[in-house]
Each structure stands twice: as structure tokens, then as C-alpha cells.
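Visitor: I have a model open and would like to talk it through with you. Could you bring it up?

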Amino acid sequence: MEYILTTQDLCKSYGKADVLKNVSLHIPKGAIYGLIGKNGAGKTTIMRVITGLQKPTSGSYSICGIENSDSDIQNIRRRTGALIESVALYNDLTAYDNLKVQFLNLGLSSYDRIDELLKLVGLDQTGKKRAGKFSLGMKQRLGIAIALCGNPDILILDEPINGLDPQGIIEIREMLLGINKNQGTTILISSHLLDELSRVADNYGFIDNGKIIREVSKEDLEKSLRKSTVIKVDDVKKTVTCLDNKGLEYDVGKDQSINIYSDNLKASALVVELAESGIEVLNITQQEETLESYFMNLISDKKGAEDA
Ligand code: ATP
């Protein structure tokens, strides 16, 4: 596997507060890597460190194989584009002129790509409208276009869908999928909106309290999301005894539904077996664990292990 960006035991402390604790990330070339964690987990700090806005307290990172201690890192950093925290726009300027300013900042003399970039982010019809009058979604898209001005190999986006309405979220999602697919740009994107992230990311890093608790590909994640069968029965107590006898893992919900965790449970056989014990199954559905509950389980497993 070729990694375009890695971090090795990255630590960042502010005074006595250890915000990043031995963070080791592996971002494959061409991936959309979703960094998932609750508010305050350390996502922005990772991004600030790898974009050079802040220095790590210890540990290292490398971009395109160049370590941060190497003097070449400044040149390599030009191959990254980032949108971290709020979008810095010139509100009095049009989308075109905002991009022109960024081209000038980057020392690019030809503005040929500006129209192409505006089209890519769906802002090619905004004409003379000033950025200050844009919707939040449009501002985010303009921010992403600014990050793309240097034609980066890696796009780093901190919570780009925060605060957007459902339509805005869909637009950003489709745009990112297009950029990744058509330009081959690797994207590192953070979010606490897990289910939304699962619609774009193909690799994940789960972060909690400054620690990476798991890195996993979408493929492996899908395999490990637990499948369950949810039943409603006329006698919960009797059913629980039956499930215990069969050695099945389950939990009973507040509404008295029983969630049985098993990848290969045959629903029809279960109904027959329970019927033989005098239990009537009133309703039966199959479901897959959500990313949300997978993450919550990961955190609680970790806490359990640390408390033990
Ligand atoms: P959010 O989703 O809320 O943006 P996050 O996962 O991006 O959260 P960070 O912004 O990286 O989290 O913050 C991680 C922790 O570091 C927080 O507890 C935050 O208060 C703290 N922190 C961040 N920047 C500083 C700073 N400059 N000085 C002190 N503490 C800081």
C-alpha cells in the first residue's frame, strides 16, 4: 500500500494539556480518508500540525515520503491544499476574484484554471455576486476551490459540511467524490457526522481524546459492522432464557424488542425454535450496526480496557 501522508507517534500539548497522544495515521494515495471523532477529540489539531500551522511537540509526519524534519517539506507542502476551521474569503469580491487573489498568493501568473475550478465547485454561474452574499454552502465550496488553486495532490478539509443544510451537504459530498475520482486527489476530511462521512470516505481513522483508536478501510469496516436480528415477542422473559440456552449474544431494548447479534442467524429457524418453546414472534427484522454505534462501541471498549 502506498501512503501519501503518514504521521508517526505525533504528540501535541498545550501547557499541561496533551491534545494529541502518539497519533499514527496512514493515508493511502488516492483515498478519501475520514477522520472521525467527537468535538474536541483532536481532529483540527492534527490538521493544523500536518499543514505546518503548528509544530508537533514530538513525533513526526511525512508527506509524499518527505519527513517534516527535511528542509524539502516546505516545497512538498505546496502539494497540499487545506480548508481548516472557517473559510477566509474576501466578502467584497466575486468568486472569480477570490480565486484570482489566491492565484496571486501562490505566484501563479495564468488565470486559465479559474473558470475550470469554479465549474468544478458549481460556482461558475455566480457572476458579479459578491462572496459576502453567498449561502454557507456556496462559501464552503468557494473555500474548497481556494484550497484547490495550487492543484494539490492532497486536499485537507476540516468539517466542511458543518452547519450545512441537507442540500448543501449533498452538493459538497458529490463534489468531493468527483474531485477524488476525476483528479485523483487524495482527500483527508474530518467530521463528527459519522453517517454522512460514511457516504464519502473509503478509509477511516477513529480518534477519541487525542488517540487514534482504529484505522480501517471501508471494506474491512463493512465486514466488522455487526449484523443483528431484531424480534418482538409475546414473552420476553421466556425468550431470553431460550437465547441464553443457545449461547446467543443479545440485548433487550427499552421497547422490549430483542436485538440478537449474529451474522448467520437463520430468521425462519429461530421463529420455529421459539414457537416450539411456546413463544410467538410478533415481528422480525434484520439490521446492520450503524457507524455511529460502531464508534460508540469502540470508545467504550477502549475506556473499558483503560479502566481495567
Ligand atoms: P471540533 O470538532 O470541536 O473542532 P476537534 O476534534 O477538531 O474538535 P481540536 O480543535 O483539535 O478538536 O481540539 C482538541 C483539544 O485541544 C480541545 O480540548 C481543545 O480545547 C484543545 N485546544 C485546541 N487548540 C488549543 C490551544 N491553542 N490552546 C489550548 N488548547 C487547545
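Visitor: How do the residues of the lining of the largest pocket divide into nonpolar, polar and charged?
Guide: In this predicted model, the lining residues of the largest pocket comprise 14 nonpolar, 10 polar and 2 charged, where Ala, Val, Leu, Ile, Met, Phe, Trp, Tyr, Cys and Pro count as nonpolar, Asp, Glu, Lys and Arg as charged, and the others, Gly among them, as polar. A pocket here is an open set of points, on a 1 Å grid over the protein atoms alone, where a 1.4 Å probe fits and with protein on both sides within 12 Å along at least five of seven lines, and lining residues have an atom within 4 Å of a point.

Visitor: Which residues lie nearest its centre?
Guide: Of the 26 residues lining the largest pocket, Gly81, Ala82, Gln102, Ile146 and Ala147 lie nearest the centre. At least two lining residues come from each of helix H2 (73-77), strand S7 (80-83), helix H3 (95-105) and helix H5 (136-148), with helices (H or I, at least four residues) and strands (E, at least two) taken as DSSP runs numbered from the N terminus.

Visitor: Switching to the ligand, what is the distance from its oxygen to the backbone of glycine 40?
Guide: A polar backbone atom of glycine 40 is 2.6 Å from an oxygen atom of the ligand, and for alanine 41 such a distance is 3.0 Å, while for glycine 42 it is 2.9 Å.

Visitor: Now valine 236, is that buried or exposed?
Guide: Valine 236 counts as buried because its relative accessible area is 17%, buried being under 20%, exposed over 50% and partly exposed in between (1.4 Å probe, protein chains only). Valine 236 is in helix H9 (residues 236-246) and, leaving aside residues up to four places away in sequence, touches Val252, Gln256 and Ile258, a contact being heavy atoms within 4.5 Å.

Visitor: And where is cysteine 64?
Guide: Cysteine 64 sits in the loop between strand S5 (58-63) and strand S6 (66-67), and has a positive phi of about 50° although it is not a glycine.

Visitor: What about phi of asparagine 209?
Guide: Asparagine 209 also has a positive phi, near 50°, and is placed in the loop between strand S10 (203-208) and strand S11 (211-217).

Terms used. Residues are numbered from 1 along each chain as its sequence is written. This is a predicted model: local features need pLDDT of at least 70, side-chain atom pairs count only at pLDDT 80 or more; totals for chains, interfaces and linings use all residues. Side-chain values use heavy atoms; hydrogens and water are left out. A polar contact is a pair of N or O atoms within 3.5 Å; within protein, one must be able to donate a hydrogen and the other to accept it, and residues adjacent in sequence count only if both atoms are side-chain atoms.
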